[in-house]
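Welcome! Try each task yourself before reading on.

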Amino acid sequence: MDNKNKNNISRRDFVKTSATVAAVSAVPMFFTKGAYAKDFTNNPGRAGSVTLGFNVPQTGSYSDEGADELRAYKLAVKHLNGEGDGGLMNTMKPMNLKGNGILGKKVTYVTGDTQTKSDAARASAKRMIEKDGALMISGGSSSGVAIAVQGLAQEAGVIFMAGLTHSNDTTGKDKRRYGFRHFFNAKMSGSALGPVLKEEMGTDRNAYHLTADYTWGWTQEQSIKETTEALGWNTTATVKTPVGAGDFSQFITPILNSGADTLILNHYGKDMINSLTQAVQFGLRDKAVNGKQFEIIVPLYSRLMAQGAGENLKGILGTTNWDWQLQDEGSKAFVKSFGQEYGFPPSMAAHTCYVQTLLYANAVENAGTFYPPEVIRQLEGFKFDGMGNGATEYRAEDHQCFKDVLVVRGKQNPSSQFDLLDIVKEVPRSQVEYDASIFGGELGPYKA
Amino acid sequence: MLFEKKQNELTTMLIFSAIVLSMPIWLDPIGANYPDLLQKFAIFGIFAIGYNILFGLTGYLSFGHAIFIGVGSYTAVWSFKLLTMNVIPALALSVLLSGVVAVMVGYVSLRRSGIYFSILTLAFAQMFYNLAYSVLTPITNGETGLQLTTKDPRVIDRMFEAAGDGLPSTELFGISMSGYSGFYFCAVMLIVAFFLSLKVFNSPFGLKLKAIKSNQHRMKYTGYNTRPYLLSAFVISGMFAGLAGGLMAVTDPLAGAERMQWTASGEVVLMTILGGVGTLYGPLLGVAIIKYLENIFSSINEAVLYTLFDFLPVWLQDSMVVIVMPFVGEGWHLTLGLIFMTVVIFLPGGIIEGFQKMKDRFSKTNEQEKLKQGGE
């Protein structure tokens, strides 16, 4: 009996002790947190260098894009630190960069693998923010990931410069004050493609959609559907396919008997290479339905994918954000310095990531401080030129860049393994602009 | 005798609490002291402790425990969306709902044992993953993952105050659940979970589970109906996993379908085996090693390696970087695979067995020395 009593006391003692231990060890943390709250996350203070975090897919369906993005980031850091030939820093207007880092602090970087999974991407971004002290996070290649990381950036008070993300949601219903996108989106792709499709394929077609089953696929399907239906096309069916499926044959067979004469592939990266290759192997492009030649459209296109898809991409229409064959000063300068560094031309993913890094650095220089709310105000409504897409504006209402969009076609007779796309049309910015309020969403407060 | 046992339990718990709560201090030198990773250690610790109650004690190898992680996460995020940002209701609901799902999955799967049980749980895992990924998209938001928005109703919070400007963050009566305070919350949960697991290990119930592992037939012959014990073990471990899933959402209010992929279930099996199946501390060791490799090793890139080997002459530095590079960065899986093979081949009982062997050797030499001294 006596023993039992003792036991009870000791257990209570134990609970008490552990609670005290917990409370005591937690106390300093609250204080440090309070101390940080006064200025801002990862304030470099008087440190001689600043850290940027580059979070790209190094494994999975989008790893090719990720690898090229990382090359571009490394190049951008080099140029910011005044090494190399300066690249776009020679052509960007207006520009405040001095080639001595950012605000005189040397730029260093950390990298991470998003694995094209929201969880992994957020864990990686958190590591950059909490451990490595990253002041800005950039990257992407999947809109799902970009949206997830953008949300985290807002919570943490760290600016996120999105890389390749094409979903309307990134700067639409899921837009954030701390997230910025230079890349174009599905809505703009649709507006740019519309007139070309009308010209080449007429107004009487039946479209069949295969769509990657996540935010980007959904919004692209919706935007392209709106465009084609406005032309008078029918939508036969829209089918969602899992990301990274590898084998799409089970989705392609039903198309043969659906009565559709146009296949729209809302796929990207290795998924698009696989689905397009299989569609061609199944003989879709040799078919004639309702007296019309069967056509395939890939609304979002990149040179990296064209390299993967090879022969199959010849003659297929799509849009891109940028292409290395553009002849303006900015594009030429970027292709030159990227080529010198790595021996081949950059992809559009590389271009957007490079530009985003420079834009952030420039905004910090303009603001004269790393304090995010000030930097955000500099980026909002920022107008610039000489970065490869003509005159461009970061719209303040939704943090989306507006610039010319390219409609391209797979080249029939490529002269080299990089010369794969014909630019059909440079659609001017005015034609792809839309009202910022149509997608809803709220940016949220300046102070995180 | 009983008193001694309790006393032992108390010391164990005190030492364990001290180790867990001081993690920010002793993990600092190896670069693992930042809130996100510390939270992961604690959360996956709970997951592995719970898994060990099923796999370690009864020997039933489940490949479906990621289901409960997922259910816990989705429940918690929905609780944040619909009810309140306070974590208590979220965690309570997570544990409850994952318990209910565990009853259903366990009831069916436990009709078979051995490899058939494993395959059944694997099938369930795949089924739930696909449900979350595509079929139940309105509830789970599919591949994109479930996130908070400013437009969520949050009825309980709305009763007390108006909606703020930005996204609210999870809290425990005003204490933010991100950063270090989030870690301490998870750590306290881990200590509670460990205490429960200790109780189970030392209880008659735990003994019966161990009996099932050693010989279920013999146990049945003695008149025990093993099914209820198995089901309770399954549900308890499912609820631990649900708690872990809920905590994931607490520290980072987002739930994605990939949490339920079968690889996530496989990961906890790896953790348990790496550390030591059926031991109290083994699974925790496994968690620490795997999460450390995943987060720290995977972030090492060429530039980091060059600074690491800075002290070497240039040609040696270059070749060292070339040699080490495949094992870090994207190649961290390779390192994990090598460690795993080494452990399984040389220490089938996990790393804990390694410690045991070392301890035995040292105590033996001590005894021999004592004997020697006595002889002189």
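**Exercise 1: the domains of chain B**

Into which domains is chain B divided? Keep in mind as you work that this is a predicted model.

*Solution.* Step 1: chain B splits into domain 1, residues 34-279, and domain 2, residues 296-376. Step 2: look at where they touch; nine residues of domain 1 of chain B and ten residues of domain 2 of chain B take part in the contact. Step 3: taken over C-alpha atoms, the centres of these two domains of chain B are 32 Å apart. Step 4: turn to the area. Domain 1 and domain 2 of chain B bury about 690 Å² between them, and 79% of that is on carbon and sulfur atoms. Step 5: find the leading contributors. On the side of domain 1 of chain B, B:L270, B:I273 and B:L274 provide 62% of the area buried against domain 2, more than any other three residues.

**Exercise 2: the domains of chain A**

Find the domains of chain A, then describe how domain 2 and domain 3 of chain A meet.

*Solution.* Step 1: the assignment for chain A lists domain 1 (1-38), domain 2 (49-184 + 326-403) and domain 3 (187-320). Step 2: the contact between domain 2 and domain 3 of chain A draws on 25 residues from domain 2 and 23 residues from domain 3. Step 3: the centres of domain 2 and domain 3 of chain A, over C-alpha atoms, lie 29 Å apart. Step 4: together, domain 2 and domain 3 of chain A bury about 2000 Å², with 60% of it on carbon and sulfur atoms. Step 5: A:Y62, A:H166 and A:F184 account for 29% of what domain 2 of chain A buries against domain 3, more than any other three residues.

**Exercise 3: strand β4 of chain A and its partners**

Which strands pair with β4(A), and in which sense, parallel or antiparallel?

*Solution.* Step 1: locate strand β4 of chain A at residues 159-162. Step 2: take one partner, strand β3 of chain A (residues 134-139), which runs parallel to β4(A) and is joined to it by four bridges. Here A:I137 stands opposite A:F160 of β4(A). Step 3: take another partner, strand β5 of chain A (residues 179-181), also parallel to β4(A), with three bridges. In this pair A:M161 faces A:F180 of β5(A). Helix α4 of chain A (residues 143-156) forms a right-handed β-α-β unit with β3(A) and β4(A). Step 5: check the two faces of β4(A). A:I159 and A:M161 on one side are buried, as are A:F160 and A:A162 on the other, so both faces are covered given that buried means under 20% relative accessible area.

**Exercise 4: strand β16 of chain A**

How many residues of β16(A) are buried? Then name its partners.

*Solution.* Step 1: strand β16 of chain A spans residues 405-410, and five of its six residues are buried. Step 2: strand β12 of chain A (residues 317-320) pairs with β16(A) in the antiparallel sense over four bridges. A:G318 is opposite A:V408 of β16(A). Step 3: strand β17 of chain A (residues 421-427) also pairs with β16(A) in the antiparallel sense, over six bridges. There A:G410 is opposite A:L421 of β17(A).

How values were computed
Residues are numbered from 1 along each chain as its sequence is written. Chains are lettered from A and ligands numbered from 1 in the order in which they are written. This is a predicted model: local features need pLDDT of at least 70, side-chain atom pairs count only at pLDDT 80 or more; totals for chains, interfaces and linings use all residues. Side-chain values use heavy atoms; hydrogens and water are left out. Buried means under 20% relative accessible area, exposed over 50%, partly exposed in between (1.4 Å probe, protein chains only). Two strands pair if DSSP finds at least two bridges between them. A crossover is right-handed if, with the strands pointing away from the viewer, the path from the first strand over the helix to the second runs clockwise. Domain bounds come from an automatic or database domain assignment. Contact means heavy atoms within 4.5 Å. Buried area is the accessible area (1.4 Å probe) that two parts lose on being put together, summed over both.
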